Amino acid sequence: MKASKSIVRRTRWPDSAGAPLVTPLQPSVVYASSSPDALDAQYDGTAPGYTYAREGHPNADVLARKIDALEGAEAGLVTGSGMAAVTAVLYGLPGQGDHVLAGNQLYGRSMRMLREELPRMGIATDMADPTDAAAMAAALRPETRLILLEVVSNPTLRVSDIAGIAALARERGILLAVDNTFTTPRGLRPFDHDADIVIHSVTKLLAGHSDATLGYVAARDPEHRKRLYETAVTLGLTPSPFDCWLAERGLQSFELRYDRAEANARALADALADTPGVRRVLYPTRPDHPDHDRAVSLLGDRGGPMVCFEIDGGRAAANALVEAAPDIAFAPTLGDIGTTLSHPASSSHRGLAPETRAALGMTEGVFRVSLGIEDADLLISEFRAAIAAATAG
Ligand SMILES: *Cc1c(COP(=O)(O)O)cnc(C)c1O
């Protein structure tokens with residue numbers, strides 16, 4: 001029998017007068033055009049749409065527009081990871097002979113890119129204390145092209161002097177890029193504070209369910225946007241449709257999750273401050289935080305969903321605490337819908353020399369909690385029990 005139609009040929013999508021309520025997932029890598037003229041028009045930018053997924057696809061654009069709305073950005077770009085967004089900025093904007101200055105407590109892989117990768121490309125880098133604009137000013141060079149900051153540092157939750165550093169960048173014509181992963185637009189919108197570029201690891205709080213690895217980058221200047229796009233497409237930093245689809249679904253509850261996690265963080269910080277065995281608690285809006293005044297002036301009462309605390313005792317006590325809290329995930333990430341606990345000395349900061357760790361206050365007793373949306377009383381009782389077990393005797 002002769003087949004009248006091959007099942008491997010392009011499927012025609014059925015017409016529907018009703019539109020789907022849920023964003024469709026479009027995994028297609030390629031898009032078929034109606035004629036060479038039509039394809040030409042697309043490449044010229046005179047006809048809309050997609051040609052090849054590495055260069056753009058609907059699920060990335062739908063997600064990007066929603067993050068744009070949160071950040072007050074225009075035409076941001078979703079990338080395949082937070083590090084892909086950092087890469088697009090650090091490889092896409094400075095050139096050989098330029099200098100990049102960064103905060104000295106950035107995300108570990110960002111620091112590695114600054115220390116190990118950019119110098120290989122002929123881009124010099126330095127790091128300085130971002131809580132001190134004078135220290136940042138002293139580290140600038142005539143060829144400094146870009147400053148990279150995070151608003152609130154991991155894990156000690158130090159608050160950068162964004163206003164002071166933004167003024168410095170303006171005065172010297174230097175680009176200011178802010179990695180806003182930790183603080184999120186719910187805490188602060190870098191474009192409202194004179195930043196030129198905003199970066200996110202969407203993997204964390206924005207997507208919020210630890211099931212998609214993605215990033216985002218937006219620039220104020222259309223020329224920079226074009227450079228970032230070309231860098232991302234050429235270096236292959238662009239995202240998968242399925243991850244974008246998952247992240248968009250996660251993002252829909254971001255504001256509710258964030259507010260609940262932040263309320264939990266505040267409650268846990270206050271409870272831990274009164275818990276025997278706890279040496280210190282760091283939470284940006286608490287009066288005992290070293291950057292309390294700046295935190296309040298920048299963030300208002302939005303202290304964020306992260307708490308850092310230190311218990312008495314060394315590694316043995318740290319192991320005991322984790323073992324005594326079996327229902328709290330001990331996992332080196334942040335921003336999940338459930339509370340996670342991390343131990344910087346054995347994870348994010350294990351690569352640092354012990355003296356450097358000590359200078360940053362990162363002892364074996366330091367933990368960082370990324371709060372989820374559970375019941376606050378449950379969390380407080382779990383942490384109190386674990387700390388009692390770890391520090392008894
Ligand atoms: C996790 C993180 C990154 C890297 O993001 P990935 O999605 O893991 O690549 C960058 N910056 C900060 C502040 C982060 O927390």
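Let me begin with a definition: rings of Phe, Tyr and Trp (for Trp, its six-membered ring) are said to pair if their centres lie within 6.5 Å, and planes under 30 degrees apart count as stacked, over 60 as edge-to-face and the rest as tilted. With that in hand, I can say that ring pairs link F309, F367 and F383 into a cluster, and I will come back to those residues in a moment.

Before that, a word on what we are looking at. This is a predicted model, in which local features need pLDDT of at least 70 and side-chain atom pairs count only at pLDDT 80 or more, while totals for chains, interfaces and linings use all residues. Residues are numbered from 1 along each chain as its sequence is written, and side-chain values use heavy atoms, with hydrogens and water left out.

Let me start with the overall fold. The protein chain has 14 helices and twelve strands, where helices (H or I, at least four residues) and strands (E, at least two) are DSSP runs numbered from the N terminus. The radius of gyration of the protein chain is 23 Å, close to the 21 Å that the globule rule gives for 393 residues, so the chain is as compact as a globular protein of that length; the radius is taken over C-alpha atoms, and the rule is 2.2 Å times the number of residues to the power 0.38. Along the principal axes, the C-alpha atoms fill a box of roughly 85 × 60 × 35 Å. Of the 393 residues in the protein chain, 51% are buried, and here buried means under 20% relative accessible area, exposed means over 50%, and partly exposed is in between, with a 1.4 Å probe and protein chains only.

Now to the aromatic rings. How many aromatic pairs does the count come to by this rule? The count comes to five aromatic pairs. In one of them, F254 and Y258 form a tilted pair, with 5.7 Å from centre to centre and 55° between the planes. These two residues are four residues apart in helix 10 (residues 254-273), and are therefore separated by about one helical turn. F254 counts as buried at 1% relative accessibility, and Y258 is buried with a relative accessible area of 1%. F309 and F383, by contrast, form an edge-to-face pair, with 6.1 Å from centre to centre and 90° between the planes. That pair links distant parts of the chain, since F309 is in strand 9 (residues 306-311) and F383 is in helix 14 (residues 376-391), 74 residues apart. Both F309 and F383 are buried.

Let me turn to the ligand. Which residues are around the ligand? They are S81, G82, M83, Y107, E150, D179, T181, S201, T203, K204, L214 and L334, where near means that a heavy atom of the residue lies within 4 Å of the molecule. By class, this shell has four nonpolar, five polar and three charged residues; Ala, Val, Leu, Ile, Met, Phe, Trp, Tyr, Cys and Pro count as nonpolar, Asp, Glu, Lys and Arg as charged, and the others, Gly among them, as polar.

As for individual distances, a polar side-chain atom of D179 lies 2.6 Å from a nitrogen atom of the ligand, an oxygen atom of the ligand is 2.9 Å from a polar backbone atom of M83, and an oxygen atom of the ligand is 2.8 Å from an N or O atom in the side chain of K204. A polar contact is a pair of N or O atoms within 3.5 Å; within protein, one must be able to donate a hydrogen and the other to accept it, and residues adjacent in sequence count only if both atoms are side-chain atoms. Taken alone the ligand exposes 380 Å², and the protein buries 91% of that, with areas from the Shrake-Rupley method and a 1.4 Å probe.S81, already named in the shell, also caps the N-terminal end of helix 3, with a side-chain oxygen 3.3 Å from the backbone nitrogen of M83. Helix 3 (residues 82-92) is mostly covered, since nine of its eleven residues are buried.

I will finish with the backbone. Most residues other than glycine have a negative phi, and most peptide bonds are trans. The peptide bond from N154 to P155, however, is cis, with omega near 0°, and P155 is found in the loop between strand 4 (144-150) and helix 6 (162-172). L157 lies in that loop too, and has a positive phi of about 60° although it is not a glycine.
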